[in-house]
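The sequence and the structure are shown first.

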Amino acid sequence: MGDVLAFAEQRDGVVRGVTHEVVSTAAALASELGGECHALAIGGEGLSGSVGALGGFGAARVKVAADGALAGYAAEAWAAIVVEAVRAGSYGAVLFPASAVGRDLAPRVAALLDVPMASDVVEVSGAGGAVVVRRPVYSGKAFARLRMDASPAVVTLRPNVFPAQERSAAGAVEEMAVSVDPSSWKARVVEFKTASAGSLDVSEASVVVSGGRGMKDPENWALLENLRDALGSDVAALGASRAVVDAGWRPHGEQVGQTGKTVSPKLYFAVGISGAIQHLAGMRSSGTIVAVNKDPDAPIFGVADYGIVGDLFEVLPALTDQVKALKAGG
Amino acid sequence: MNITVCIKRTPDTETRIRIAEGGDSIDSGGVKYIVSPYDEFAVEAALRLREAAGDGTVTLVTLGDAAAAEQLRSGLAMGADKAVLLEGESGFDGLATARALATELEGHDAPLILLGVKAADDDAQQVGPMLATLMGRPCVTAVSDFELNGDTARCQREVEGGTEVVEVDLPAVITITKGAFEPRYASLKGIMAAKRKPLEQKAAEVPAARMTLEALELPPARPEGRIVGEGAEAAAELVRALREEAKVL
């Protein structure tokens with residue numbers, strides 16, 4: 001019962017960054033539980049080529065369920081395949097990313113397997129044979145340590161928290177035979193609307209640039225976009241406070257805090273955000289927090305590592321220039 | 001069409017969390033309780049559907065202690081028709097909660113079951129898809145808007161980097177996130193009417209939880225930060241500190 005199955009999420013055949021975190025964590029947990037790490041990828045044709053490299057993150061076996069009809073996420077079919085893979089092995093735990101797909105898929109798998117599940121976990125260990133997790137509750141205002149008393153333990157891992165560790169190992173790729181009948185699916189993804197070209201999601205980015213009421217007008221978001229672009233739009237994403245989302249300035253998908261997303265980037269910029277308790281809850285587990293606010297008494301400075309007191313309309317362009325200069329200088 | 005909405009009593013999101021003695025619960029002294037905000041979106045969605053259809057019933061269900069009747073009354077005041085309080089423990093094991101709800105909901109003639117995407121206390125985002133799976137129904141999660149076309153719901157679902165459009169055949173379970181369904185305020189008339197609406201109380205059939213809470217802890221305090229300076233001139237020092245001290249640039 002000591003093996004650990006890692007759900008290897010990919011989109012359009014491209015393995016997602018968080019998958020490396022999940023496979024690495026599964027490998028570490030498997031060695032605590034005295035078993036092997038296996039990865040499972042579900043998707044369209046030609047998937048074996050793109051997921052084969054997961055062996056390098058600790059997967060002794062990489063199982064691939066590929067079919068043209070599985071190219072997009074199909075909850076019912078994907079859940080059935082995960083359950084089939086779990087039942088074919090002897091797993092003590094099944095790990096998913098706490099991504100949109102993982103959050104949707106893992107509870108179905110847990111219900112089908114009749115085992116409990118822990119969501120959005122930030123620590124997982126298998127010491128003593130039992131899976132014990134630590135996870136935020138009340139949007140990060142507290143943490144719960146939970147022992148999972150059934151096997152396999154189904155767990156989703158918060159992105160950006162667990163290290164992705166490359167190892168000098170290679171896993172064997174095994175094709176899983178699947179037969180799928182899309183005509184029987186009761187839920188179907190019929191369209192995908194991209195938020196904006198290449199934009200990174202706030203929950204996955206390693207750098208988040210968030211704006212609040214102090215930005216004064218949605219048009220001023222160009223200043224935050226400039227800073228994000230200087231930091232690198234491949235690693236940095238825009239975030240927003242609840243006040244500006246409620247005002248309709250920014251989409252809810254960018255909201256950080258309670259009733260939005262809880263984020264854990266390496267670097268978090270809070271610009272023109274005073275720091276309501278709900279917002280602090282959602283970002284306080286960030287690595288380094290920078291606050292820019294004209295009010296020196298704003299609560300945001302209470303959690304920030306570095307602060308600048310001043311007019312953000314002057315500070316942001318200067319900051320963007322400094323970051324650009326730094327990047328240009330290598 | 002009849003719609004059942006599952007709601008949960010949670011602390012107000014403005015609550016400062018304190019851990020109670022014993023370390024396995026929060027100190028509820030002075031805590032104001034509300035309907036979990038995501039569940040309010042679900043109630044609003046149900047009310048709008050009923051109003052658009054001109055017929056049907058919106059039924060609220062909650063699993064919790066007797067005090068959760070207060071949150072059911074809040075939903076009735078918004079406009080729901082009746083409510084069921086399943087008295088029982090709602091802990092961290094989402095599957096146990098989903099089973100208790102499924103036992104009740106199997107008896108409801110409701111082609112549509114709505115829930116908030118997650119509860120504002122455990123943040124688990126499990127119960128909706130688990131409930132659907134136990135009931136053999138399809139489920140669409142994290143839906144910010146949807147419309148009904150006959151027996152199909154067309155849902156906008158938030159995912160990383162965009163929005164998925166998902167069509168689902170009823171009967172179905174849909175979990176709602178922030179988006180189109182800004183909840184209405186209860187009117188005084190609604191609050192008065194809620195007192196006379198049926199609220200059934202019965203014992204829940206909750207299976208034993210299979211997750212043990214070992215401890216509840218507050219997040220570690222963050223080390224005190226420093227103000228690097230004022231105005232645009234401070235930008236250079238900030239970037240230097242981020243690069244040389246924090247090593248994040």
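## Overall features of chain B

Two residues are in contact when heavy atoms of theirs lie within 4.5 Å. The structure discussed here is a predicted model. By that criterion, 69% of the contacts in chain B with a separation of 6 or more are accounted for by residues 24 or more positions apart.

Chain B has 249 residues, and buried residues make up 55% of them. Its secondary structure consists of 6 helices and 13 strands. The C-alpha trace of chain B spans about 65 × 45 × 40 Å along its principal axes.

## Cysteines

A disulfide is a covalent bond between the sulfur atoms of two cysteines. Over all chains, a search of the whole structure finds 0 disulfides. B:Cys6 accordingly belongs to none, and its nearest cysteine sulfur, that of B:Cys139, is 11 Å away. B:Cys139 is likewise in no disulfide; for this residue the nearest cysteine sulfur is that of B:Cys155, at 9.4 Å.

Both positions can also be described by their accessibility. B:Cys6 has a relative accessible area of 5% and is buried. B:Cys139 is buried as well, with a relative accessible area of 3%.

## Helix H6 of chain B

Helix H6 of chain B covers residues 234-244, and its buried residues are B:Ala234, B:Ala235, B:Leu238, B:Val239, B:Ala241 and B:Leu242. Viewed down the axis of H6(B), these buried residues fall within an arc of 160 degrees, so they line one face of the helix.

Against which elements does this buried set of H6(B) pack? In chain A, the partners are strand S16 (267-271), strand S17 (288-293), strand S18 (306-309) and helix H8 (312-328). In chain B, the partner is strand S13 (226-230).

## Helix pairs in chain A

Two packed helices are described by the angle between their axes and the distance between the axes. In chain A, the axes of helix H3 (residues 75-87) and helix H4 (residues 100-113) come within 9 Å and cross at roughly 55 degrees. H3(A) is therefore oblique to H4(A). The crossing in which H3(A) passes H4(A) is right-handed. On the H3(A) side, the contact is made by A:Ala75, A:Trp78, A:Ala79, A:Val82, A:Val83, A:Val86 and A:Arg87. H4(A) contributes A:Val101, A:Asp104, A:Leu105, A:Arg108, A:Val109, A:Leu112 and A:Leu113.

Helix H5 (residues 221-231) of chain A packs with H8(A) at an angle of about 15 degrees, the axes being 9 Å apart. Because angles under 35 degrees count as roughly parallel, H5(A) and H8(A) are roughly parallel to each other. H5(A) passes H8(A) in a left-handed crossing. From H5(A), the residues A:Leu223, A:Leu224, A:Asn226, A:Leu227, A:Ala230 and A:Leu231 take part. They meet A:Phe313, A:Leu316, A:Pro317, A:Leu319, A:Thr320, A:Val323, A:Lys324 and A:Lys327 of H8(A).

B:Met211 is found in strand S12 of chain B, which comprises residues 211-217. Is B:Met211 buried or exposed? With a relative accessibility of 8%, B:Met211 counts as buried.

Leaving aside neighbours within four places in sequence, B:Met211 is in contact with A:Pro116, A:Met117, A:Ala118, A:Leu146, A:Arg147, A:Met148 and A:Asp149 of chain A, and with B:Phe92 and B:Asp93 of chain B. B:Met211 and B:Arg9 are 202 residues apart along the chain, and their C-alpha atoms are separated by 21 Å.

Notes
Residues are numbered from 1 along each chain as its sequence is written. Chains are lettered from A and ligands numbered from 1 in the order in which they are written. This is a predicted model: local features need pLDDT of at least 70, side-chain atom pairs count only at pLDDT 80 or more; totals for chains, interfaces and linings use all residues. Side-chain values use heavy atoms; hydrogens and water are left out. A disulfide is a pair of cysteine sulfur atoms within 2.5 Å. Buried means under 20% relative accessible area, exposed over 50%, partly exposed in between (1.4 Å probe, protein chains only). Helices (H or I, at least four residues) and strands (E, at least two) are DSSP runs, numbered from the N terminus. The arc is that of the directions from the helix axis to the C-beta atoms. Axes are lines fitted to C-alpha atoms, for helices over the stretch in contact, and angles run from 0 to 180 degrees between N-to-C directions. Angles under 35 degrees count as roughly parallel, over 145 as roughly antiparallel, 65 to 115 as roughly perpendicular and the rest as oblique. A crossing is left-handed if the near helix is turned anticlockwise from the far one by less than a right angle, and right-handed if clockwise.
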